[in-house]
Amino acid sequence: MISFSEIETTVKRATRSAGFPWGISEEVGKNIRLLEMFGLPGVKNINQYFKIYNVEKFEDINAFSRSNISKKHYCPIKAGVNFFDQSSTISDLGQLEINNLAFPLLFIPFVSRTSELIGKRIFLKMDNKEFLFNFNQSIYSNYLSGDIVERSEKINLQFLENKNSFSETEWSELYKISENTFVEESDELKEKAAGAGLTDND
Amino acid sequence: MNIQLRDPKNLMKLSKLGSFHQSKLSFLRSFLNEFKDWEYKRDLFELNEKGYGRAVYSFSKKNKTYSLVCFANEISDEERSDRVIATKWDAAFTLHDGVPTKEDLERLALNVPKQEVGRLSYKELTLSRANKSVRIFDHVVDSLSKGNQPNTELLSKVGYLYRTTAVYGSGKFGLADRFRIKNREEIYGPFRLEMMLVYLVRQFTFDQVNHIARHKNPNTAIELDLNICRNLGIGNSTGLGMAPFIVNHPILLNNWILARETALKKIREIERATKEELNIFKKCLVRSLKNVTNWNTDSEFQNKKIKQLTEDLEKFIKFLNEDFSFENTFPFNKIYIWAEENVGDECIEYIVSMMMEPYDEIVNPLTHKMSSEEDQHFNIPINRTIEELRNILEKRYSEILKIDFKKKENNQNFWFISKNKEEPRVANRYEMEGSNLEQPLAIARDIKKLYETIFTQKNSLKIGKFLTNHNDLRHVVRRAFIAEKFPYAEIQDNTIGSQLMPIDMLRLKLSFFGAIKFDPRSDKWLRICMFQGAPLPSDLKSFDNHWIYNSLN
């Protein structure tokens, strides 16, 4: 079995050899390691991407907007780096759309890391595949095939506001159960067991 | 008294880092402290009369076991090479996580002797190989088989029976990734498992010579005297592979240096030293002197340093005996200040190491702070500004910014990875081909370029925005923000200049390993000795913490 460390080093070198700067190559090495750790086919996709990278000219997205449309396919690495670097302003958009992204799985780890950086969950729909990014701690997805995905016609991306996944009533009920571990304080306990005095005016 | 940590601008110069010595913080010493109450066993020893075959050694505690699996092979003299380009070795080793099954041993027998072209699994933690020091090995076998102990003078000149030529870990060749094991308390210190492998290999070398001698002449053979065993270590030939490591792991480098500097600061802040502490300091200093007088090397570079060290140590001892009183307040601070004013870097760093010897309570907690989580600091803080980046560069890299990279001599070398062995190399960019495939190890040059580039940028510009058009500098932008938080993360020197001595980088790392007797064979590789004087596995329950100086008596 190839170790994750070998994957990271080899991908970093391969990315450099494809002509990317060292700093981006470092990012891609980390990203493919991340994909493989999350059980997604990083090595397969980057390998296929490098086969056609110099043949097919991809488009860059230098500045993200709510709608990013190109006749040519966007490069997932350049798009990913810029997405990460501009994430603080992009997240203000709330949601955005990218049409025609090549090898979209290579874009995924940039989104996952962005979720951690901005402290928000991100929901991404890529054609019929759905991904929920949880602060780079996990990726929840309905995509399990492990195949190479060469193109995505349409990606919808939504920055999710930090809010509870439960109602106030559900929380109150749970809190009440937790209170059963507390001791009801008698006057004597109030006087003798607390660290501070009975009044703060001393 | 509040002593400041030493300034990285001076300390992180290569010539200074290349003067570091082993200390109580060294990994082989902290490894022995950690594993002293583990149960040691020789689980398997199946060698033929010539000493070829397999063996397994283990350390166990509760339900945890680490097993060294050894394969001793027959090779011809022509096949024996210490260089990384070798393909056969006298012995090959792996450290297995747990107790190896019969199937594991069969799998390992097919792969471990092949080293870089074999494949290991997540169940293996480290991988290594070693060659005999043939002259010494044969002499020991010959002497023992005739009923005599070997010539200790001859042994002390070399110091080992075998020398390793590489010790791999952290996911190389399929070995376990670090994340699988990093939370284990017993290995929460850098290179613990590499140290364990080397330590157990040392025991294998003793068992092997005894075994061969016994088969050579069963009637007269005796076993190698245990005191002689204790005075033998394991040699190591180290090439350029180690040099990029300290550049590629800036936070780890910081944590090693910071631990050393924190220990020094705390010791200098001690107002009154006890009699016992002073005795330990003096005893270690005196006993360690043989470390210097027995330091044999043909290297002119190193001999010059040893000569200076010897003279400086004589001066230091004279100072201690004639002009210094330990009744003084802050005695170690006074010693340190004297050293700064009167002796060279080799001696200053030697004294710093010695000053740690009496202070377990200061040094031991620091050994647990010498690992790092580089990944946690990988993301570039895109919302910071150019002004902040410029301030970091001016504060953390002021020495580097003085270097003029337009001068040919400051730009002379380039680092690359050889296609044949996937190993780092350094070459003259004006004379050799390949600089177009240069590795990103010219940090000083690239930092200077970054500084010049941001000079024309708006102060308020966000880093994320700046990178859109400057991704060629992304790797050094990342480093600058790491250096902001970790003051000892960067070598404050030019790693591509004509004056570069790559062995300074090797020496820095090896001193933290705990190596002694640095023996440069060129400016690019050296030999060292590890575990010389160390307790044997049977001694581990109770041993002298200052064993590193025992070998010299």
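The model is a predicted one, so local features need pLDDT of at least 70 and side-chain atom pairs count only at pLDDT 80 or more, while totals for chains, interfaces and linings use all residues. Residues are numbered from 1 along each chain as its sequence is written, with chains lettered from A and ligands numbered from 1 in the order in which they are written. On pLDDT (the predictor's confidence in each residue, from 0 to 100), chain B averages 93, and 99% of its residues score at least 70. The model itself gets ipTM 0.89 and pTM 0.92.

Chain B has an open, mixed sheet of 9 strands, running β1-β2-β3-β4-β5-β6-β7-β11-β10. Strands here are DSSP runs of E, at least two residues long, and helices are runs of H or I, at least four, both numbered from the N terminus; two strands pair if DSSP finds at least two bridges between them. The edges belong to β1 (39–47) and β10 (516–520) of chain B, each with a single partner strand, so one side of each has no neighbour in the sheet.

B:P520, for instance, has B:L526 in β11(B) as its bridge partner.

Turning to the contact between chains, 21 residues come from chain B and 21 residues from chain A, where contact means C-beta atoms, placed from the backbone, within 7 Å. On the chain B side, α18 (463–468) and α19 (474–485) are the elements giving two or more residues.

How values were computed: Contact = placed C-beta atoms within 7 Å.
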